[in-house]
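I opened the notebook to record what I looked up in this structure. The entries follow in the order in which I made them.

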Amino acid sequence: MDGAQLPVDILHWLVALLPIAVLLVLLAVFQWKGIEAGPAGLLAAAVLALLVFRTPFQTLAVAAGKGIWDAVFILYVVWTALLLYLVTLRAGAFDALRRGFLEFSRNELFLVLAIGWVFASFFQGVAGFGAPIAVTAPLLLGLGMRTSYAVIIPLIAHAWAKHFGTLAVGWLAMVRVTEVADPTATAVQTAILLALVNLLGGLGVTWMYGRRAAVVHGLPLVLIIAVIQGGVQLGMMYVNPVLSTFVAGTLALVALYPLSHWRRYAEPAEGIVERPAMRDEPLEEPAAAEEAAGPQTQMGLGLALFPYIFLTVIAILGSAVPAITDLLSQLQIGLPFPAVETGYGLVIPEAEPYSPFALLTHPGTFVLVTALVALVVYRLRGYYRSGGQSLLGNLVKDSVPSSIAIASFLTMSKLMDHSGQTSILAQGIASVATAPVYAFLANWIGILGAFMTSSSTASNILFSPLQSQAAAALPGLEQLAVLAAQGAGGAIGNVIAPANIVIGTGAVRSSGEEGAILRGTIPWTIVAGVLTGIATIILNLF
């Protein structure tokens, strides 16, 4: 898009910023939910596009249509991931996983890292949307952890898995709203930054558990898990980014079994006197832990892991085996959109079709097939329990609010893009910042977006176009570096996102401790943001 005729001045820059400001103020100050604030931000973007940026109704209609189409692509993953979560929850698979963990080791720090870091990250690989916090926080409470730390630890520990987790919904959102020049290189640089976030998560958990003595005792385990999770995710960027976090989390989960037989972590740790995260005595089967794990069953660990193993197999077959991928990719779905422009001469070319995708190789299809197979298997084995509400009713109830919010964010992003507002914001920032300064700040923009929207996906939707256009306007600033920083920043920002904190306090029945939890996560967020900013500057040089 040619933005040469756009009015890049302080007045138009502030007006272009207004829709984002409206959204963030409603979310952060007035504490509106995403389902409420999203449409308000969308309305502000549309009104300003018409009144200030001379955008014809046809251009707005095309932008809205593209936003809704992008939402279909993303929400297909959201809905099917939640379906899989509900099926496994009702079958009691999480109770089996909980029992399996508790049988691994008598070393308390090992169990804290296994549940709060590895299991939460594994869960983020396929479910996400707050589910890792809702499930692991009560389990940590059951180990004897204080309620605030039971929420803080999984929040910081699984942050690295947000961007490529839930079968890469955050990454898919980024590439849907941004013209990514080199997707593979961008994904690689993002994985490098997330590997740093991953290591900081493991170190943060050990420090919170038992300060310096715990770090010394747990360091070998932290390094091993960090290499598995971060290294495998990085390697998967060259194979299939969509599966990267899921495969990395699965391998780390499997690695816990041999690591639990290592004498260092099989028996209680010695020398850890200070344990600020733990109660004096463990709680005995807290109700919150039982509820989060679902109904108690006699299911074995293998059957509990069956859906995730099955998902791994079909996803690899469907997306990594050329013969099968070529066959399944023949069914392409897309919508045509005409060329449009604004009164300032900003031209958006026609799309014939716009962003087509292969339905049979879509991540949502893999998850849907897995959920249906898991439902049949658990029913046949007698484990699945329907509960008081139908599965479909539960799915709709839990999915609609986030779906409306995501659709609103996507449509707002497209309206700002097609009316030139995003270009004006990017060119204005580029005119006053140097490349190193912007590279350092790029991940903080992602952190801000995730903090305000409580979603790394929403942060990517809102700010990826801005980051990309800033890179195009600022000499010496590489697009792949700032998009990588955006992805990492969006992941980090989830640690301080209000909605995620509330999910955690609700899971452990500690409403009112949100402030204490936020104070506990802010220092880690600052450290992660600063180090990620420095790493982005380095990546931008190469």
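I began with a loop. Arg 54 lies in the loop between H2 and helix H3 (57-91); helices (H or I, at least four residues) and strands (E, at least two) are DSSP runs, numbered from the N terminus. I noted that Arg 54 has a positive phi of about 55° although it is not a glycine. Its relative accessible area is 49%, and Arg 54 is therefore partly exposed (buried means under 20% relative accessible area, exposed over 50%, partly exposed in between, with a 1.4 Å probe and protein chains only).

I wrote down how the model was made and read. It is a predicted model, in which local features need pLDDT of at least 70 and side-chain atom pairs count only at pLDDT 80 or more, while totals for chains, interfaces and linings use all residues. Residues are numbered from 1 along each chain as its sequence is written, and side-chain values use heavy atoms, with hydrogens and water left out.

I then looked up Arg 211, which is in helix H9 (residues 183-236). Arg 211 also is not a glycine, yet has a positive phi of about 55°. Arg 211 is partly exposed, at 24% relative accessibility.

Next I checked H2. Helix H2 (residues 34-51) has 18 residues and reaches 25 Å from its first C-alpha to its last, close to the 26 Å expected at 1.5 Å a residue (the expected span is 1.5 Å times one less than the number of residues). Among the buried residues of H2 I listed Ala 37, Gly 38, Gly 41 and Ala 44.

How many of the 17 residues of H10 are buried? I found 13, so H10 is largely enclosed by the rest of the structure.

I looked for a cis peptide bond and noted the one from Glu 352 to Pro 353, with omega near -5°. Pro 353 sits in strand E4 (residues 351-358).

My last entry is a helix pair. The axes of helix H19 (residues 456-473) and helix H20 (residues 479-493) come within 9 Å and cross at roughly 160° (axes are lines fitted to C-alpha atoms, for helices over the stretch in contact, and angles run from 0 to 180 degrees between N-to-C directions). That makes H19 roughly antiparallel to H20 (angles over 145 degrees count as roughly antiparallel). The contact (heavy atoms within 4.5 Å) includes Phe 463 of H19 and Leu 483 of H20.

Note on methods:
Angles under 35 degrees count as roughly parallel, over 145 as roughly antiparallel, 65 to 115 as roughly perpendicular and the rest as oblique.
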